[in-house]
Amino acid sequence: MQYLSLENVSKSYGEKVLFEGIDLSITKGDKIALVAKNGSGKTTLLKMIAGEEAGEGEKSKIAYARDIKIGYLRQSPYFNPEFSVLDTVLDSDHPSIVALKKYEQALLDEDADGIEKGLAAMEELKAWNIESQLKEILGKLNIKQLDQTMSTLSGGQQKRVALAKILFEEPDFLILDEPTNHLDLDMIEWLEQFLQRSSLTLFMVTHDRYFLERVCTVIIELDGGNLYTYRGNYTDFLVKKDMRIQNEQTVLDKTKKLYKKELEWIRRQPKARGTKAKSRIGEFYDIKDRAHKTTDDDEMKIFIQSSRLGSKIVELHNVSKAYGDLKLINGFDYKFKKNEKVGIVGPNGAGKSTLLDLLTGKLKTDTGKLVVGDTVVFGHYTQDGIKLNEDRRVIDVIRDIAEYIPLEKGQKITAAALLERFLFLRSQQQVYVSQLSGGEKRRLYLLTVLMKNPNFLILDEPTNDLDVLTLKVLEDYLETFRGVLVIVSHDRYFMDKLVDHLFVLEGNGEIRDYLGNYTKYRNNRKSIASDSPVQKKETTVEETTPPADKVKEKVSYKEKMEFQEIEKNMSKWNAKKEKINEQFLSGILDNQAIQELSIELGNLEKEIEQAEERWLELAEKIL
């Protein structure tokens, strides 16, 4: 079944043409990701697919299948600021929520007929545990205070509420704009698993390459105003895109040779020409246009020199930081070494940004001291610190820092030329910062950090809003960066490619130094949790952590008994659930009994769900 089709759709802003005459078809069950360079029209196309913007031209057509429900997660969702979190999520036309509201209203009105109809609707929709389902999804996204008003939530928290709301509503067609922004690593992995097993039809923009690899079945690239479709995951996309570019280059080379041949013929011909000659001249100009077309393989180039770094870099001695009773860092000791690359991981609120601010001196320690070497030059890219003047032109933002930027081997480069290396063409350098896309602003901000030649580079969520092509170039640069690199990122691919070890913030101020990248840590996390007390020095847990496959084989007698007990109880719980449902359908219950049974059923279903999850955990070890 075709959910959506775009035919001959175009869009431009002034002289800038984003795309022209593109076609796209989305079929039920597709899980599609859109990738493109920043500023090429990803969000615009997403809005058009969501029905928020129209195409241009009389022949432009966007058609939806009948009666499909569309859910759209915006980058910056808006809610009534006076609503509570729970009211916001329940403000929905989802059938189960509608049935629940009618049933509760009938109870308030003591409407016997309404109560009976409400019972039937609730039973048909299996809506008795609707509130526990909502709370589970919100809990997975770390939204736990449901009575908070939306005005008190941060932008990231509001985005997570929007995500929870849309996932619960289970639309037929789900459109997601950067769904992993503002999620920590555990949340991303939960969302990844949710979408993998879901039957939803999905269209999304994301820079998370593991997400692309594991969730998507189709990747569409918007390149040079054209759409290219690649069946498969992110790995398939990379292979097939490389083949496409090679084929285009081969065709271009042949066209250039033909153009040279035809140009020689044009020059040899007299002014008076016959009909056949005029026809060939017309073909010549067509060949000329194709020969001068360049393949869109321009890429950002970073080769800025870092400052020399001495032997003493940054040392933390018994450093602690707390806010009231909340301990974020407790007696942390560490000495940074040349060229090391460390990632910082931990749940939201664990103190990752606090540790970065301590390193740069933005925050003062409660106890202990921080020693910074004389040659250290910090470069700090903050996740919310894009302090660019919106009324300045792009070229002026860079010139305010320096007109010439030193490169390796004593060379220099002008601000304009450096911007070109960062994919800001000369014409774009004259536009105001306010006219840039979110990703383009991020790229410009990154340039302002790097051009100061830091040798101790701190990146706090650098991948947000950057396209996958820019990320690849940034990764290549950071792999050869001659200095200390500290990264906080929810992008698992980015972390895996760059870091040598991790600072794992485990709560209550404790920090574990783990040798290895994020995936290695994630695979061994269960064994790490049961390891010896935290080592705050440079000793790593890897020395005492057994291989993952050996951990899996160790099953205690207590776990075996628990596994058997769950299997015995499961049939009892299901029988009890059926008995409660029969009581609901009997028609002899009064209002108080109905309310009491509703609460009992909700608690029972939650208990069953938790038992099933525990059974699956034990089954991985035992079966």
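**The chain as a whole**

Student: Which share of the contacts with a separation of 6 or more joins residues 24 or more positions apart?
Tutor: Keep in mind that this is a predicted model. Take the contacts in the chain with a separation of 6 or more. Those between residues 24 or more positions apart account for 68%.

Student: How many helices and strands does the chain have?
Tutor: Count both kinds of element along the chain. The secondary structure comes to 21 helices and 20 strands.

Student: What percentage of the residues is buried?
Tutor: Buried means under 20% relative accessible area. The chain has 623 residues. The buried share of them is 49%.

Student: What part of the accessible surface belongs to carbon and sulfur atoms?
Tutor: The accessible surface of the chain is about 32100 Å². Of that, carbon and sulfur atoms hold 48%.

**Helices H3 and H4**

Student: Are H3 and H4 roughly parallel or roughly antiparallel?
Tutor: H3 covers residues 95-109 and H4 covers residues 112-125. Their axes come within 9 Å and cross at roughly 155°. Angles over 145 degrees count as roughly antiparallel. H3 and H4 are therefore roughly antiparallel.

Student: Is their crossing left-handed or right-handed?
Tutor: Look at how H3 and H4 pass each other. Their crossing is left-handed.

Student: How many residues of the contact between H3 and H4 are nonpolar?
Tutor: H3 brings Pro 95, Ser 96, Ala 99, Leu 100, Tyr 103, Ala 106 and Leu 107. H4 brings Gly 114, Ile 115, Gly 118, Leu 119, Ala 121, Met 122 and Leu 125. Three of the contact residues are polar and none is charged. The nonpolar ones number 11.

Student: What distance separates the C-alpha atoms of Ala 121 and Leu 100?
Tutor: Ala 121 lies in helix H4. Ala 121 is partly exposed, with a relative accessible area of 26%. Ala 121 and Leu 100 are 21 residues apart along the chain. Their C-alpha atoms are separated by 8.6 Å.

Student: Where is Glu 104, and what separates its C-alpha atom from that of Ile 115?
Tutor: Glu 104 has its place in helix H3. At 42% relative accessibility, Glu 104 counts as partly exposed. Along the chain, Glu 104 and Ile 115 are 11 residues apart. Between their C-alpha atoms the separation is 8.3 Å.

**Helices H6 and H7**

Student: Are H6 and H7 roughly parallel or roughly antiparallel?
Tutor: H6 spans residues 155-169, and H7 spans residues 185-197. The two axes come within 13 Å and cross at roughly 20°. Angles under 35 degrees count as roughly parallel. H6 and H7 are therefore roughly parallel.

Student: How many charged residues are in the contact of H6 with H7?
Tutor: H6 passes H7 in a left-handed crossing. From H6 come Arg 160, Leu 163 and Leu 167, and from H7 come Met 187, Trp 190, Leu 191, Phe 194 and Leu 195. Seven of these residues are nonpolar and none is polar. The charged count is one.

**An enclosed helix and a buried loop residue**

Student: Why is H11 largely enclosed by the rest of the structure?
Tutor: H11 runs over residues 352-359. Its buried residues are Lys 352, Thr 354, Leu 355, Leu 356, Asp 357, Leu 358 and Leu 359. H11 is largely enclosed because the buried residues number seven of eight.

Student: What residue with a positive phi follows H11?
Tutor: Look past the end of H11. Its phi is near 85°, and the residue is Gly 361.

Student: Which residues does Thr 382 touch, leaving out those up to four places away in sequence?
Tutor: Thr 382 lies in the loop between strand S14 and helix H12. At 14% relative accessibility, Thr 382 counts as buried. Its partners are Arg 442, Tyr 445 and Asp 460.

**Two loop asparagines**

Student: Is Asn 508 buried or exposed?
Tutor: Asn 508 is in the loop between strands S19 and S20. Its phi is positive, about 55°, although Asn 508 is not a glycine. Its relative accessibility is 55%, and over 50% counts as exposed. Asn 508 is exposed.

Student: What is the relative accessible area of Asn 339?
Tutor: Asn 339 is found in the loop between strands S11 and S12. Asn 339 is not a glycine, yet its phi is positive at about 65°. Asn 339 is partly exposed, with a relative accessible area of 42%.

Definitions and conventions. Residues numbered from 1 in each chain as written. Predicted model: local features only at pLDDT ≥ 70, side-chain atom pairs only at ≥ 80, totals over all residues. Heavy atoms only, no water. Axes fitted to C-alpha atoms, helices over the stretch in contact; angles between N-to-C directions. Helix = DSSP H or I, 4+ residues; strand = E, 2+ residues; numbered from the N terminus. Parallel < 35°, antiparallel > 145°, perpendicular 65-115°, else oblique. Left-handed = near helix turned anticlockwise from the far one by under 90°. Contact = heavy atoms within 4.5 Å. Nonpolar A, V, L, I, M, F, W, Y, C, P; charged D, E, K, R; others polar. Buried < 20%, exposed > 50% of the residue type's maximum accessible area, 1.4 Å probe, protein only. Areas by Shrake-Rupley, 256 points an atom, 1.4 Å probe, with all protein chains shown as cover.
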